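Here are my notes for you, written as a colleague would pass them on. Please keep the structure open and look up each residue as you read.

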Amino acid sequence: MPNPDLSKSEPGSTRSDRLGYSVAVGVLVIGGALARTPILNWISGPSIVITCVIVVGNLQDRRARQREEKTANPEKSS
Amino acid sequence: MSWAAHELESYVIRKHIKTKVSYLAILLGCLLPDLFTKLPVYGLHIGNVTYIKASFPAKYHRGWPGVGFTHSLLLPTVFALLILVFKRNRAWALGLFVGIWSHVLTDCFDSVGTMLFFPFTTQHYSTGMWAYASQAGRYGDAAAYYSSLGGVWDFLWLLIVLQGREVLTRKYFFEKIVPEDPAWAWLKRKFRMSDRAMLVTYRAFFFYGGSRIFAWFIWARLLNPLRGTQKLDLTWKGPHWVQAVSFPARSFGSFMQNTAIGMTGTVAMFAACWFLFVRRLWQRAT
């Protein structure tokens, strides 16, 4: 399997990933303390982390792309 | 029993094994002894009715008769052998072996301990660092664990992983973890996983394990309705407000005798397995 470029990740990926991980930790810690077992188990716990990072990451990346398009083509976007 | 330690130890083990080994196999090994045995320990609650609950959870979970053999040094050998026979994959055989071993050894720290040398002896080996309290139910057990040295034990594992945090980096994952295990390439192909999805799958148990410590600690110490009586007790074999289950030897002599029998039997079994067929299987595997 070819290795991805490790020196430079996709634009915005690190920041958007960080946000995704922060959301996951927030959900697990606060939601876990309140709901306990339905969140804090071997299936839903890791699934929450994966879902948060992928969803938040992709949303952030899409926003970043839209912002880039706007700045590149200000007439088209207006 | 250890709670988050089982999720976190997989990263520490992977970092310190210098030969080719599968991280996924280590993780599976760390979870395997409890994976199919934990449900009857607390029971399945539907409404006000409890199903499939063991009458003596500690005996069922760690003892004999029960499923205590899942917490012995024998089980990893069986799984590693099955992998060598059917998949011929050294990285997975070794990963499962060390993963299960680490779970079994980590569980030696509570008051019940594990039957390390089963089936040669049913002697339990325990340091008695914190009270095994599964008989108090899931939430009673959580309150006891995170009010005792068990919680400190989990924090310690979190600190150990953070101290060697390079194991969590993107570079480490794509340069060390992925090339050593064909399962990642299969996952990528089968589920069309992006690099982000692969990396978060690898890190998921770290974030889950770490967050779980704080969530349970917050519940046990701040939200638990019984926190007034279930106080923080960081003494050995604490907390003393719960009955610590243990299976000690009848006498020191009996302990030594059981240990001698168990250790000799286990070493002889490992040696016999190695010379009779494991060595050949290992050489045949890739």
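In which helix of chain B does B:Lys188 lie? Point 1 takes this up, after two words on conventions. This is a predicted model, in which local features need pLDDT of at least 70, side-chain atom pairs count only at pLDDT 80 or more, and totals for chains, interfaces and linings use all residues. Residues are numbered from 1 along each chain as its sequence is written, chains are lettered from A and ligands numbered from 1 in the order in which they are written, and side-chain values use heavy atoms, with hydrogens and water left out.

1. B:Lys188 lies in helix H10 (residues 182-191) of chain B. Helices here are DSSP runs of H or I with at least four residues, strands are runs of E with at least two, and both are numbered from the N terminus. With a relative accessibility of 25%, B:Lys188 counts as partly exposed; buried means under 20% relative accessible area, exposed over 50%, and partly exposed in between (1.4 Å probe, protein chains only). B:Met198 is ten residues from B:Lys188 in sequence, and their C-alpha atoms are 7.3 Å apart in space.

2. Now look at helix H2 (residues 23-35) of chain B. H2(B) bends by about 30° at B:Gly29, and the proline B:Pro33 follows within four residues. (The bend is the angle between axes fitted to the seven residues ending at a residue and the seven starting there.) H2(B) is also mostly covered, with eleven of its 13 residues buried; among them are B:Tyr23, B:Leu27 and B:Pro33.

3. Helix H7 (residues 137-145) of chain B is mostly covered too, as seven of its nine residues are buried. These include B:Gly137, B:Asp141 and B:Tyr145. The cover over the buried residues of H7(B) includes helix H3 (39-42), helix H8 (149-163) and H11 of chain B.

4. Helix H11 (residues 195-223) of chain B holds B:Ser211. This serine is buried, at a relative accessible area of 4%. Leaving out residues up to four places away in sequence, B:Ser211 touches A:Val25, A:Leu28 and A:Val29, where contact means heavy atoms within 4.5 Å.

5. Chain A has three helices and zero strands, so its pattern along the sequence reads α-α-α. Of its 78 residues, 33% count as buried. Among contacts in chain A with a separation of 6 or more, 62% are between residues 24 or more positions apart.

6. Check the backbone in the loops. A cis peptide bond, with omega about 5°, joins B:Phe118 and B:Pro119, and B:Pro119 sits in the loop between helix H6 (90-106) and H7 of chain B. Another cis bond runs from B:Gly238 to B:Pro239, with omega near 0°; B:Pro239 is in the loop between H11 and helix H12 (252-284) of chain B.

7. Two residues deserve a look at phi. B:Ile52 is not a glycine, yet has a positive phi of about 35°; its place is the loop between E2 and helix H4 (57-62) of chain B. B:Arg88, also not a glycine, has phi near 55° and lies in the loop between helix H5 (74-86) and H6 of chain B. At 40% relative accessibility, B:Arg88 is partly exposed.
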